[in-house]
Every structure is written in structure tokens, then in C-alpha cells.
Amino acid sequence: MTIPMTTTDSPAHPEQPTPSAVASSPQAQEGPRADRSRRRTFTTEYKARIVAEYDAAPAGSKGQVLRREGLYDSSIKEWRQQIEAGTLGRMSKPKARARKSPEQARIAELEKEVSKLESDSARKDEVIADREAALELMGKGVAFLEALSQKDKP
């Protein structure tokens with residue numbers, strides 16, 4: 001089991017490939033991201049060995065272990081917690097998505113269509129209300145003009 005970690009430094013551990021070794025492989029030459037740093041992965045044994053070495057190091061030389069391996073103390077803390085919890089070698093399975101039955105898929109599709117039609121209807125109702133208000137205003141204007149023309153006649 002391996003857990004990926006991102007880094008820009010080249011790993012100092014002999015088990016890990018160096019960026020130049022990775023970059024010289026034909027597969028690494030391909031693609032638009034060929035010039036980017038590679039993601040490192042660490043085996044369970046490597047993590048356990050490094051945590052043990054870090055814990056055994058004297059107080060002033062723990063940083064040397066981290067620098068030599070190109071690691072951060074947060075990685076050591078995380079690995080130590082995994083060892084203590086007994087989850088270092090385990091990988092959690094991604095939860096499977098619940099598949100929708102054909103009926104559920106059809107219901108979801110129809111609900112989506114209904115909501116679209118309702119929003120279209122609400123928009124059209126607003127347009128109709130605006131036009132009715134405009135027609136009412138025009139009717140009042142026509143009535144006013146007729147009243148004025150009637151007033152001017154002798």
C-alpha cells in the first residue's frame with residue numbers, strides 16, 4: 001500500500017526514482033505535463049522504517065532525517081498516527097455510487113423537465129402581466145384623449 005505525496009525535491013531514498021530517471025523514460029516525455037514534478041509514493045515498509053528512524057534519532061538530529069529523505073514532519077506525524085491506529089497498511093475503498101433504477105432515472109428526468117417548464121411558465125406570466133399593464137395604460141390614454149376631444153366639441 002502506498003500513499004502519494006507531492007514534492008518538488010528529488011527523493012534521496014534509493015528505492016525512489018530520481019526525477020532525471022523518471023524524465024528519461026519514454027512515457028514521461030509525452031504529454032503537456034511532462035515538465036512538472038512527479039508525485040512520490042511511499043511503501044508501508046518505508047514509512048514504518050522512517051518513523052522508527054525519526055523516533056530513534058537524538059533530539060538535535062531529527063531534522064537531518066527529514067532533510068535527507070525530503071520529507072516534512074507532518075508526514076511523520078500522519079504516518080505515526082496511522083501506525084498507532086493500525087491503519088497504515090490499509091487503503092479505504094471508495095464508496096460505490098448507488099445506481100438509479102430506470103424508473104428513478106426517468107423520475108429525475110421528468111422532475112428536471114417539470115422545473116424547467118415551471119420556470120418558463122413563470123417568465124411568460126411576467127411578460128403577459130407586463131403587456132396587460134401596458135394595454136391598460138394605453139386604454140386609459142385613449143379614454144383620456146377621447147374625453148378631451150369630447151370636451152373641445154361645442
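The face of helix 5 turned away from its buried side carries three exposed residues, Q81, E84 and A85. Exposed means over 50% relative accessible area, buried under 20%, and partly exposed in between (1.4 Å probe, protein chains only). Helices (H or I, at least four residues) and strands (E, at least two) are DSSP runs, numbered from the N terminus.

This is a predicted model, in which local features need pLDDT of at least 70, side-chain atom pairs count only at pLDDT 80 or more, and totals for chains, interfaces and linings use all residues. Residues are numbered from 1 along each chain as its sequence is written, and side-chain values use heavy atoms, with hydrogens and water left out.

**Overall layout**

The chain has six helices and two strands. From the N terminus on, the order is β-α-α-β-α-α-α-α. Of the 154 residues in the chain, 18% are buried. A contact means heavy atoms within 4.5 Å. Take the contacts between residues at least 6 apart in sequence: 70% of them join residues at least 24 apart.

Which residues of helix 5 are buried? They are S75, I76, W79 and Q82. These residues cover an arc of only 125 degrees around the axis, so they sit on the same side of helix 5. The arc is taken from the directions that run from the helix axis to the C-beta atoms.

Helix 5 has 13 residues, which should span 18 Å at 1.5 Å a residue. The expected span is 1.5 Å times one less than the number of residues. The end C-alpha atoms of helix 5 are 18 Å apart, in agreement. Just after helix 5, G86 takes a positive phi of about 80 degrees.

Helix 3 packs its contacts against helix 5 through Y46, K47, A48, I50, V51, Y54 and D55.

**Salt bridges**

Side chains of opposite charge can pair when their charged atoms come close. A salt bridge here is a side-chain nitrogen of Lys or Arg within 4 Å of a carboxyl oxygen of Asp or Glu. The whole structure holds nine salt bridges.

| Pair | N to O distance |
|---|---|
| R80 and D55 | 2.6 Å |
| E109 and R106 | 3.0 Å |
| K140 and E136 | 3.6 Å |

The R80 and D55 pair links distant parts of the chain, 25 residues apart. R80 lies in helix 5 (residues 73–85) and D55 in helix 3 (residues 44–56). R80 is partly exposed, at 24% relative accessible area. D55 is also partly exposed, at 40%.

Helix 6 (residues 102–152) holds E109 and R106, three residues apart, or about one helical turn. E109 is partly exposed at 45% relative accessibility, and R106 is partly exposed at 43%. K140 and E136 lie in helix 6 as well, four residues apart, about one turn of the helix. K140 counts as exposed, at 53% relative accessibility. An α-helix has 3.6 residues a turn, so residues three or four places apart point the same way.

Which residues are linked in a network of salt bridges? The network joins R49, E53, R68 and E69.
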